[in-house]
Amino acid sequence: MPETVKFHFEVDGSDFSSAGAASVKVKKKLRQLAYPPEVIRKVSIAMYEGEINMVIHANGGTADVEASDEEIVIVLRDKGPGIPDVELAMQAGYSTAKDNIRNLGFGAGMGFPNMKKYTDYMRIDTVVGEGTTVTMKVKI
């Protein structure tokens, strides 16, 4: 594994068909770099859930990934509406997704719970009306 590798992605908030594209690319890169399969799985799930959240709630954003010998750090940033109640948003099944999003099979309220479940560390920094930054870490 290399000392540190960085990836940057723009997450298109207007196209559901491209949601998850960044996590797929990261998964492929981590495989090429010989990271352990369980680490790749955790990173892929957590990052995918975050991307979907950005598309559903924030009109997209950015995803930055830094992979080292010790951990993989994922930072997701958006300029969406922010999260008024983080504690409530962390509850399994809680969702503010509109019906049209739910009809597409998204918005079940498992995004944040899954992100937390599959990472060793997760922090949500949010300002209502300005946006949200989610930082996650998966240890190697």
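Guide: A salt bridge is a side-chain nitrogen of Lys or Arg within 4 Å of a carboxyl oxygen of Asp or Glu. The model is predicted: local features need pLDDT of at least 70, side-chain atom pairs count only at pLDDT 80 or more, and totals for chains, interfaces and linings use all residues. Residues are numbered from 1 along each chain as its sequence is written, and side-chain values use heavy atoms, with hydrogens and water left out.

Visitor: Why is the pair Asp-64 and Arg-77 called a salt bridge?

Guide: The closest N and O atoms of Asp-64 and Arg-77 are 3.2 Å apart, and the limit is 4 Å, so the pair qualifies.

Visitor: What does the pair tie together?

Guide: Asp-64 belongs to strand S2 and Arg-77 to strand S3 (residues 71–78), so the contact joins parts 13 residues apart in sequence. Strands (E, at least two residues) and helices (H or I, at least four) are DSSP runs, numbered from the N terminus.

Visitor: Why is Asp-64 called partly exposed?

Guide: Buried means under 20% relative accessible area, exposed over 50%, and partly exposed in between (1.4 Å probe, protein chains only). Asp-64 has 22% relative accessibility, so it counts as partly exposed.

Visitor: What makes Lys-6 exposed?

Guide: Its relative accessibility is 62%, and therefore Lys-6 counts as exposed. Lys-6 also forms a salt bridge with Glu-66, at 3.9 Å from N to O.

Visitor: Where do Arg-41 and Glu-38 lie?

Guide: Both are in helix H2 (residues 37–58), three residues apart, about one turn of the helix.
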